[in-house]
Amino acid sequence: MTMMTKERLGTALKSMDGVSEVKVIEDRRLIAIVVSPRFEGQNEAVRQAQVWRHLQHQFVDEDLQRVEFSLVVAGDRV
């Protein structure tokens, strides 16, 4: 198993359809900001579910434990 890194998480999130910007902050854990115009009109729970589903298809649960939070924003830029 390879440890989850800022780079691996960023690459995975950028591969989501319609994502225009991704920022990953590394502290003790990883915090991700994901921006996509595709999220326009969707509530936070729906946006979160899409991001986490995408990540669960790419990583094992042990890797995802390093991800503390994801902020999912509708639009083109933060």
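Visitor: How much of the protein is buried?
Guide: Buried residues account for 40% of the 78 residues in the protein. Bear in mind that this is a predicted model.

Visitor: What are the elements, and in which order do they run?
Guide: The protein has three helices and three strands. Starting at the N terminus, their order is α-β-β-α-α-β.

Visitor: And how does the radius of gyration compare with the globule rule?
Guide: The radius of gyration is 12 Å, close to the 12 Å that the globule rule gives for 78 residues, so the protein is as compact as a globular protein of that length. Along the principal axes, the C-alpha atoms fill a box of roughly 35 × 20 × 20 Å.

Visitor: What share of the contacts join residues at least 24 apart?
Guide: That share is 59%, counted among contacts between residues at least 6 apart in sequence.

Visitor: Let's go inside. Which residues of the largest nonpolar core touch the most other members?
Guide: Met4, Leu9, Leu13, Val51 and Leu55 do, in a core of 18 residues.

Visitor: Which elements supply at least two residues of this core?
Guide: Helix H1 (6-14), strand E1 (21-26), strand E2 (30-36), helix H2 (44-58) and strand E3 (67-74) each do. As a general point, nonpolar side chains tend to be buried together in soluble globular proteins.

Visitor: Take Val51. What is it in contact with?
Guide: Leaving aside neighbours within four places in sequence, Val51 is in contact with Leu13, Met16, Phe39, Ser70 and Val72.

Visitor: Staying with H2, which of its residues are buried?
Guide: The buried residues of H2 are Arg47, Gln48, Gln50, Val51, His54 and Leu55. Viewed down the axis of H2, they fall within an arc of 160 degrees, so they line one face of the helix.

Visitor: What covers them, and what is exposed on the other side of H2?
Guide: The cover over the buried residues of H2 includes H1, helix H3 (61-64) and E3. On the other side of H2, Ala45 and His57 are exposed.

Visitor: How far apart are the end C-alpha atoms of H2?
Guide: They are 22 Å apart. With 15 residues at 1.5 Å a residue, H2 should span 21 Å, which agrees.

Visitor: What happens at the start of H2?
Guide: A side-chain oxygen of Asn43 comes to within 3.0 Å of the backbone nitrogen of Ala45 there.

Visitor: Back to Arg47 in H2. Why does it count as buried?
Guide: Its relative accessible area is 15%, and buried means under 20%.

Visitor: Which backbone oxygens lie by polar atoms of its side chain?
Guide: The backbone oxygen of Gln42 lies 3.0 Å from a polar atom of the Arg47 side chain. For the backbone oxygen of Val72, the distance to a polar atom of that side chain is 3.2 Å. Not counting residues up to four places away in sequence, Arg47 touches Phe39, Gln42, Val72 and Ala74.

Visitor: Now H1. Which residues are buried, and which are exposed?
Guide: Leu9, Gly10, Ala12 and Leu13 are buried in H1. Seen down the axis of H1, these residues fall within an arc of 165 degrees, so they line one face of the helix. The face turned away from that buried side carries the exposed residues Glu7, Thr11 and Lys14.

Visitor: What do the buried residues of H1 pack against?
Guide: They pack against E1, E2, H2 and E3.

Visitor: Where does Phe59 lie, and is it buried or exposed?
Guide: Phe59 lies in the loop between H2 and H3. At 9% relative accessibility, Phe59 counts as buried.

Visitor: What is it in contact with?
Guide: Apart from neighbours within four places in sequence, Phe59 is in contact with Met4, Arg8, Ala12 and Leu64. The C-alpha atoms of Phe59 and Met3 are separated by 10 Å, with the two residues 56 apart along the chain.

Visitor: Last one, Val73. Where is it found, and what does it touch?
Guide: Val73 is found in strand E3 and counts as partly exposed, at 23% relative accessibility. Residues up to four places away in sequence aside, Val73 touches Ile33, Val34, Val35, Ser36 and Phe39. Val73 and Ser36 are 37 residues apart along the chain, and their C-alpha atoms are separated by 6.5 Å.

Technical notes. Residues are numbered from 1 along each chain as its sequence is written. This is a predicted model: local features need pLDDT of at least 70, side-chain atom pairs count only at pLDDT 80 or more; totals for chains, interfaces and linings use all residues. Side-chain values use heavy atoms; hydrogens and water are left out. A nonpolar core is a set of buried Ala, Val, Leu, Ile, Met, Phe, Trp, Tyr and Cys residues joined through side-chain atoms within 4.5 Å. Buried means under 20% relative accessible area, exposed over 50%, partly exposed in between (1.4 Å probe, protein chains only). Helices (H or I, at least four residues) and strands (E, at least two) are DSSP runs, numbered from the N terminus. Contact means heavy atoms within 4.5 Å. The expected span of a helix is 1.5 Å times one less than its number of residues. The arc is that of the directions from the helix axis to the C-beta atoms. A polar contact is a pair of N or O atoms within 3.5 Å; within protein, one must be able to donate a hydrogen and the other to accept it, and residues adjacent in sequence count only if both atoms are side-chain atoms. The radius of gyration is taken over C-alpha atoms; the globule rule is 2.2 Å times the number of residues to the power 0.38.
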